[in-house]
Amino acid sequence: MTIAVLAVQGAFIEHEKKLEHLGADCIELRRAEDLNQHYDGIVLPGGESTVQGKLMKELGMFDIIKSQIKNSMPVLATCAGMILLADKLEAESKVHLQTIPMTVKRNAYGRQLGSFHTNATIKGIGEVPMTFIRAPYVSQVSDEVEILSVVEERIVAVRYQKQIALAFHPELDNDLRIHEMFLSLCK
Ligand code: GLN
């Protein structure tokens with residue numbers, strides 16, 4: 001199994017380590033030509049969504065990645081990645097790939113709570129460690145979006161078709177089950 005990890009900015013190496021540990025091969029998406037290779041799923045890592053969105057456009061990757069996802073390419077999107085997938089962003093004019101019918105609020109936890117760690121349940125897996133870093137949350141979902149986890153009354157994980165979007169960073173914690181769940185979607 002080969003997973004393509006968007007590698008223009010942010011925490012992509014940590015995802016590659018988890019996926020390789022689980023036996024997947026990883027390739028990095030850095031420029032348009034990288035999209036010509038075969039892969040079974042895409043990871044959109046954490047980082048800065050505005051920068052990632054802009055670079056994907058400038059590097060000629062945006063439209064291709066968007067159409068791959070629309071054509072059911074499995075995706076694991078974390079934090080900034082979740083922001084990239086949202087079809088609406090609260091109080092922001094700039095939206096990105098728009099492949100999940102949900103509204104996301106960026107930097108949603110305020111300054112003091114910008115970063116925190118907790119344990120909470122994900123549907124289908126059980127309790128997992130969750131690290132939030134200047135995290136977004138999902139403020140609205142349409143009916144077809146499955147809510148996978150709620151922390152303090154805020155939606156922090158969703159699934160829509162073959163897309164999994166998380167407000168936190170599973171690549172930074174010592175637990176492989178979310179990456180395992182993603183790889184099982186890629187089969
Ligand atoms: N705050 C970042 C953004 O808006 C996301 C933070 C993260 O990915 N850890 O893109």
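## Exercises on a predicted model

With 25 C-beta neighbours inside 10 Å, Glu171 counts as buried (buried takes 20 or more other C-beta atoms within 10 Å of the residue's own, exposed takes 12 or fewer, partly exposed is in between, and C-beta atoms are placed from the backbone). This is a predicted model, in which local features need pLDDT of at least 70, side-chain atom pairs count only at pLDDT 80 or more, and totals for chains, interfaces and linings use all residues. Residues are numbered from 1 along each chain as its sequence is written.

**Exercise 1. Find the loop that holds Glu171, and list what Glu171 touches.**

Step 1: Look between strand S12 (163-166) and helix H5 (177-186); Glu171 sits in that loop. Helices (H or I, at least four residues) and strands (E, at least two) are DSSP runs, numbered from the N terminus.

Step 2: Skip residues up to four places away in sequence, and Glu171 touches Ala11, Glu14, His15, Lys18 and Thr78. Contact here means C-beta atoms, placed from the backbone, within 7 Å.

**Exercise 2. Which residues does UniProt mark as "active site", and why do they gather at one spot?**

Step 1: The unreviewed UniProt entry puts this feature at Cys79, His169 and Glu171. UniProt positions follow the numbering used here, feature names are shortened, and annotations may be inferred rather than shown by experiment.

Step 2: These residues span 93 residues in sequence, but no two of their C-alpha atoms are more than 11.0 Å apart, so they gather at one spot.

Step 3: Now zoom in on Cys79, in the loop between strand S4 (75-78) and helix H4 (80-85). Cys79 has 28 C-beta neighbours inside 10 Å, so Cys79 counts as buried. Leaving aside neighbours within four places in sequence, the contacts of Cys79 include Gly46, Ile133 and His169.

**Exercise 3. Describe what surrounds the ligand.**

Step 1: The residues around the ligand are Gly46, Gly47, Glu48, Ser49, Cys79, Ala80, Ile83, Arg106, Asn107, Ile133 and Arg134. A residue is near a molecule if its C-beta atom, placed from the backbone, lies within 6 Å of it.

Step 2: Sort this shell and you get 4 nonpolar, 4 polar and 3 charged residues. Ala, Val, Leu, Ile, Met, Phe, Trp, Tyr, Cys and Pro count as nonpolar, Asp, Glu, Lys and Arg as charged, and the others, Gly among them, as polar.

Step 3: Check Asn107, which has a positive phi of about 40° although it is not a glycine. Most residues other than glycine have a negative phi. Asn107 is exposed, with 11 other C-beta atoms within 10 Å.

Step 4: Arg134 also has a positive phi, of about 40°, without being a glycine. Arg134 counts as partly exposed, with 16 C-beta neighbours inside 10 Å.

Note on methods: Two residues are in contact if their C-beta atoms, placed from the backbone, lie within 7 Å.
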